[in-house]
Amino acid sequence: MNKVQIFTNGLVKENPVLRLVLGTCPTLAVTTMAFNGLGMGIAATFVLFCSNIAISLLRNVIPDKVRLPAYITVIATFVSIVQMLVKAYVPALDKSLGVFLPLIVVNCIILGRAEMFASKNKPLDSALDGLGMGLGFTLTLVLMGSIREILGSGTWFGMTVIPASIDRFTFMTTPAGGFFTFGCLMALVIFIENKTGNKKERSIGCEGCPSKSVCGAKGGCE
Amino acid sequence: MKNNSTWENFLKPVVVLVVICIVASAALAGTNQLTAPIIKAQEEAAANAAYLEVLPEADGFEEVTDFQSSNVTKALKATNGAGWVIQAYGKGFGGDVPVVVAFDSEGTILKVKFMENSETAGFGQKLADPADADGQKLAESFVGKSGTLEAGDVDMISGVTVSSKAALSAVNSAVNCFNEVALGQAAVVEEEQLTPDQALESMELTEIEIPEGLTGAWETANGTTVLRTEANGYEYETAPLDVLVELDADGNILNVWVGTDGQTAGIGDQAGGAEYLNQYKGVLGEAGLDGVDTISGATQSTRGVKKGVRKCIQAFVAMYPDCAAATAVAPEGGDAESEAASSEAAVETVTLSDEACKAVLPDATTFEAVESATSGVQAAVKADTGWVIQASAKGFGGQVPVIVGLDADGAIVGVSFPENSETAGYGAQLYEEGNESAAALAASLVGKSGEVAIGDVDAISGATISSKAVVEAVNTALSCYNEVALGQAPAADEGSEGTDLSSMSAEEARAALAPGATLTQITAPEGLTDAWQGDDGSYVLYAEDKGYEYSTKPLNVAVGFDANGAITGVWVDVSGQTAGIGDQAAGADYLGQYTGITDEAGLDGVDTIAGATESTRGVKKAVRKCIQAYAAGLAS
C-alpha cells in the first residue's frame with residue numbers, strides 16, 4: 001500500500017469502530033456530547049500516533065516473549081502524559097472524560113494497531129496508520145456524539161440547534177440510547193457495504209480481538 | 001547458539017523492559033514537572049470559587065486551622081479584611097448538610113450558600129438547588145442576622161424540617177466558630193457520644209454476676225445497675241452491636257450507650273448517636289420500648305439497639321422481680337413478634353374531642369359517643385349529620401390510627417390522621433401538617449363508602465405499608481358504621497390476632513391446620529421435609545424453600561389440607577428472614593390468601609408482598625411443592 005492508502009485506510013475502509021469493531025467502550029461512553037467525542041478522539045489519536053512510532057522503532061529490539069508488557073508500558077506512558085497535559089490545559093475535558101481518559105491504555109484500537117501494524121512496519125508507515133486510525137476513530141466518535149447530542153439535548157458542541165420549545169429525546173443520552181445509536185450506525189454501514197459489495201466479516205469475542213494469538217485468557221474476556 | 005540463547009531468552013527481555021521503563025519514567029517525570037503546578041493552581045481556584053461566591057469582596061483567603069468549635073470544616077479569613085468565610089455542617093436526614101457562611105468582620109452574616117448534600121430529593125436537596133425558591137428563601141433569611149439563631153428567626157422550609165434544622169445547626173456552628181476565631185470567645189464543643197467502653201471507664205463499678213444472655217453486669221456507686229449485651233445490627237452475627245444500659249433501682253433507664261463498629265457508617269452509627277439514644281432515657285420496662293422510634297434507613301441497626309435494651313430490661317427484671325419495671329406490662333415472645341403482638345393488642349379506646357370530630361365532619365354540631373364491638377375501632381361518635389369513627393390498623397412500625405367522618409349514608413366526608421409511629425418521611429408524613437401526600441390520600445378517600453381498596457385511593461408513594469394500614473383502618477371504620485348505624489353484626493377481627501398461625505409453635509399450628517383431627521406422622525413424600533396425616537383424611541405437609549437468605553436459612557412452611565384437598569391454612573417459620581419485611585410473609589393477611597386453594601392453578605391468584613418478594617416467593621414455592629406432593633400421592 002502506498003502512503004496515502006495507509007492513511008485513508010483507517011478513515012473508512014478499515015474504520016476501527018464500525019468495521020474492525022474495536023474501541024467500542026469509549027465510543028459508547030463518551031459520545032453523550034460531540035465535544036467529548038472530539039476530545040477523546042484527539043487524545044486517542046495522539047496516543048496512537050506516538051505509540052505506533054515508538055513501537056515501530058523498537059520492533060526489532062523488543063523480544064517476542066515480552067511483546068505485550070513492552071507495548072503496554074509504552075502505551076501507558078503516553079496515556080499518562082496525555083492525561084497530565086489535559087488536566088493542566090483543558091480541565092473541562094478532563095472532567096467530562098473522567099475515567100475514560102486513563103482507560104485509553106486498554107483501548108483495543110491502540111494495542112490492536114501496535115500488534116497488527118506497528119510491530120511489522122516501518123516508523124513512517126506506522127505513524128500514518130496511527131493517524132489514519134485515530135482520525136477514523138475521532139470521526140466516528142464525533143458522528144455518534146453529534147447524533148446523540150442533537151437528539152438528546154438539542155445542542156451541538158454546546159450551541160442550541162433545536163429550539164428549546166421542542167422536547168428533547170433524552171433517551172439518546174442514556175447508555176441505552178448509545179447502544180441504539182451504535183446499532184443504527186452499524187446497520188447503516190453494513191447496508192452501504194452490501195450495496196457496494198464490500199461486506200466485511202465481523203467477528204466478535206476472541207475472534208475479533210487483535211491480541212488473540214498472545215492472549216492467555218483463552219476466552220476469559222467473553 | 002547456546003551462548004545466544006541465555007542472552008536471548010533471559011537477559012535481553014529483562015534489559016529491554018528495564019530500559020523502556022527507565023525512559024518512560026523519565027518522560028513522565030518531565031511532563032509532571034511541567035504540568036503539576038498548573039494543575040494545583042486550578043484546583044485551588046475551583047475551591048476558592050465557592051468561597052469567593054459568598055464573599056466577593058475578598059481578594060484571597062488565608063486558612064485558620066487553630067479552632068475547637070465542632071462541626072466546622074474550614075475557617076478562612078479574607079486577606080484584605082473583608083470578613084470571614086466559614087464552612088460548617090449539620091447532621092441532616094441522610095448525612096451532613098454542608099454550608100458556607102460569609103461573615104463581615106463584626107459577625108453579621110453576609111451570605112449563606114448550601115453545598116451539595118445527600119438529603120432526600122425534593123426535600124433536603126432543595127437547599128442546594130440554586131433554582132429552588134424555598135432553598136433560596138431560607139438562605140436569604142440568614143443574611144443580616146448575627147449571633148446564634150433559632151428556627152423562628154429564619155424561613156425554615158415547610159415539610160423539610162430535618163434538613164432545615166440541620167442547615168440551621170450548621171450555620172450556628174459557623175457562628176460559634178466565628179466567635180471563637182474572630183472574636184476570641186470560648187469555643188463551643190459538642191459533647192461526643194461515649195462508646196460503651198468509655199462510659200464504663202467514667203463510672204465507679206463493682207462487678208456482679210452476669211445474667212444469662214448478657215456480656216457484662218455491674219453496680220455503680222450511685223446504686224444504679226449497668227448491664228451490657230450484644231445485639232444483632234445490620235451485619236448480623238459478624239459485627240454485633242455493643243449495648244450498655246444503666247438502670248436505676250426501679251428499672252427506669254437512665255442511659256444507653258452503643259458501640260457501632262461494623263454498622264454502615266453514617267447510617268447505622270446514628271444508632272449510636274445522642275439523638276436516638278436519648279429516647280431511651282426514662283423508659284420503664286419493656287412496655288416503654290414501644291415508644292422508641294427506629295431511624296428510617298437504619299432500621300436494622302436501631303432495631304438491634306432496641307433488642308439489646310430489651311434483653312437488658314428482661315435481665316434486670318429477672319434479677320429484681322419486685323421492681324417497677326417488672327410490673328409495667330411486658331409482652332411475651334420474641335422481639336419483632338412481641339412488638340407486633342403488643343401493638344396489635346394495644347388497639348386502645350380513645351375519646352374523640354369535638355374539635356377532632358368537627359375536623360372531619362364540619363357541618364355537625366352535636367356529638368355523642370357510642371359503643372362499638374368492631375375490632376380495630378378506637379372510638380365511635382354519633383353526630384347530628386353523620387358519624388365520626390377512629391379506627392386503627394397495623395402499619396410498618398405499629399398501629400396507624402385514622403379518624404373518619406361519615407355522612408348519614410355512610411359515605412366518607414373527611415379523614416384526618418392522628419400521630420403514629422411510622423417511619424419519618426414515609427408513614428409519618430400522614431400526621432405531618434401541610435404534607436401534600438397525606439392530603440392527597442385523605443382527599444382520595446372522600447366520597448367512598450362500603451369498602452375501599454388500595455387501588456381506589458392515592459396511596460403515598462414509598463409508604464405502601466402505611467398507606468395499606470390507612471385503607472385497612474378506613475375499612476374498619478366503615479364496618480363499624482355498618483354496626484352502629486345500620487345495626488349489622490360487628491365484624492370480628494379476621495385473621496390478625498386469633499388465627500395468626502405464625503405466632504404459634506409448630507405443634508399448635510399443626511393442630512390448627514387440621515382442626516379436630518388426630519395427626520400421625522407419616523413418611524414424607526419426595527421433596528417434602530415432613531408429613532402428617534389426620535384421621536379424617538386431612539393432611540399437614542411441610543416443605544422448605546429459599547427465602548431471602550437463600551440456602552443459609554430456608555423457609556420452613558406447613559400447609560394443611562382438608563379431606564377434599566383444599567388448603568386450610570399455611571404456617572411459616574420466618575426466623576432468618578428480614579424482620580419487619582420478610583416476617584410479613586408469615587402474617588395472616590398474606591397467608592390468608594392461600595386458604596381454600598385446591599390446586600396449583602389457584603396459586604396464581606396469590607400476590608407477593610412488595611418489598612418482601614423473595615420471602616413471599618419462597619412461601620409460594622414451598623406451598624406449591626406441598627400441593628404437588630399432595631396431588632401426586634396423597635389425594636385419595
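**Briefing on chains A and B**

Asn71(B) sits in the loop that links strand 1 (61-64) and strand 2 (72-78) of chain B. The model is predicted. Chain A holds eight helices and two strands, and 45% of its 222 residues count as buried.

**Residues with positive phi**

- Most residues other than glycine have a negative phi.
- Asn71(B) is not a glycine, yet its phi is positive, at about 65°.
- The relative accessible area of Asn71(B) is 17%, and this residue counts as buried because the value is under 20%.
- Val21(A), also not a glycine, has a positive phi of about 50°.
- Val21(A) is found in the loop between helix 1 (3-13) and helix 2 (24-30) of chain A.
- With a relative accessible area of 26%, Val21(A) is partly exposed.

**Make-up of chain A**

- The order of elements along the sequence of chain A is α-α-α-α-α-α-α-β-β-α.
- Among contacts in chain A with a separation of 6 or more, 73% join residues 24 or more positions apart.

**Packing of helix 3 and helix 6 in chain A**

- Two packed helices are described by the angle between their axes and the distance between the axes.
- Helix 3 (residues 34-57) of chain A packs against helix 6 (residues 108-116) of chain A at an angle of about 25°, and their axes are 10 Å apart.
- Helix 3 of chain A is therefore roughly parallel to helix 6 of chain A, as the cut-off for that term is an angle under 35 degrees.
- The crossing of helix 3 and helix 6 of chain A is right-handed.
- On the side of helix 3 of chain A, the contact is made by Ala44(A), Val47(A), Leu48(A), Ser51(A), Asn52(A) and Ile55(A).
- On the side of helix 6 of chain A, Ile109(A), Ile110(A), Arg113(A) and Ala114(A) make the contact.

**Annotated segments of chain A**

- An unreviewed UniProt entry gives the annotation "transmembrane region" to residues 38-58, 70-90, 96-114, 126-147 and 169-192 of chain A.
- In the model, residues 70-90 of chain A are 95% helix and 0% strand, with the end C-alpha atoms 29 Å apart.
- Residues 96-114 of chain A are 47% helix and 0% strand, and the end C-alpha atoms of this stretch are 27 Å apart.

Definitions and conventions: Residues are numbered from 1 along each chain as its sequence is written. Chains are lettered from A and ligands numbered from 1 in the order in which they are written. This is a predicted model: local features need pLDDT of at least 70, side-chain atom pairs count only at pLDDT 80 or more; totals for chains, interfaces and linings use all residues. Side-chain values use heavy atoms; hydrogens and water are left out. UniProt positions are given in the numbering used here, feature names are shortened, and annotations may be inferred rather than shown by experiment. Helices (H or I, at least four residues) and strands (E, at least two) are DSSP runs, numbered from the N terminus. Buried means under 20% relative accessible area, exposed over 50%, partly exposed in between (1.4 Å probe, protein chains only). Contact means heavy atoms within 4.5 Å. Axes are lines fitted to C-alpha atoms, for helices over the stretch in contact, and angles run from 0 to 180 degrees between N-to-C directions. Angles under 35 degrees count as roughly parallel, over 145 as roughly antiparallel, 65 to 115 as roughly perpendicular and the rest as oblique. A crossing is left-handed if the near helix is turned anticlockwise from the far one by less than a right angle, and right-handed if clockwise.
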